[in-house]
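Me: I would like to learn how to read a fold summary and a disulfide. Please take me through both.

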Amino acid sequence: NKTVTLGAPESIGMCEFEELFAVGAAITQTGWDWGNPAEFYCDGNGVYSYYLELTAYTGNDDGNFRFFTGTGWGFDSFNYPHFTDEGYTIDENFVNAEDGDSNFRFIGDDGTYLLTIDTVNKTITLE
């Protein structure tokens with residue numbers, strides 16, 4: 001019949017969302033601009049990961065970022081306390097920014113990292 005049919009979106013395996021997005025001044029290639037967000041795809045086993053270049057905090061909000069369920073300010077977002085309240089172990093290079101949104105603050109060395117959110121083992125790691 002040569003047709004293409006789309007059904008309603010479904011979670012992939014153990015993933016609540018197909019992908020998560022991140023923006024913030026800490027993410028060098030993105031900043032707070034939705035034109036090029038960091039896209040964390042889920043592998044089907046509850047693990048989201050993405051290689052990104054991070055810039056550390058130096059005294060204002062430049063080391064901050066946050067995760068979102070879609071591309072834009074109207075989507076649900078996940079800040080640092082969201083993950084700590086859920087019992088996550090978070091890499092020591094991240095702290096609560098304690099800004100108005102309790103964003104993540106990157107305090108490590110500037111560089112490119114693989115950031116992984118494991119929703120099964122409840123960890124956020126950098127490699």
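This is a predicted model: local features need pLDDT of at least 70, side-chain atom pairs count only at pLDDT 80 or more; totals for chains, interfaces and linings use all residues.

Reply: Residues are numbered from 1 along each chain as its sequence is written, and side-chain values use heavy atoms, with hydrogens and water left out.

Me: Which secondary structure pattern does the chain follow?

Reply: Helices (H or I, at least four residues) and strands (E, at least two) are DSSP runs, numbered from the N terminus. Here there are 1 helix and 10 strands, in the order β-β-β-β-β-α-β-β-β-β-β.

Me: How much of the chain is buried?

Reply: Buried means under 20% relative accessible area, exposed over 50%, and partly exposed in between (1.4 Å probe, protein chains only). Of the 127 residues in the chain, 43% are buried.

Me: How many disulfides are there, and which residues are joined?

Reply: A disulfide is a covalent bond between the sulfur atoms of two cysteines. The criterion is a pair of cysteine sulfur atoms within 2.5 Å. That rule gives 1 disulfide, between Cys 15 and Cys 42, with S to S at 1.6 Å. Cys 15 is in the segment before β1 (19-23) and Cys 42 is in strand β2 (residues 38-42), so the link ties together parts 27 residues apart in sequence.

Me: What is the handedness of the link of Cys 15 and Cys 42, and is Cys 15 buried or exposed?

Reply: The link of Cys 15 and Cys 42 is left-handed, with -65° about the S-S bond. Cys 15 is buried at a relative accessible area of 2%, and Cys 42 is buried at 12%.
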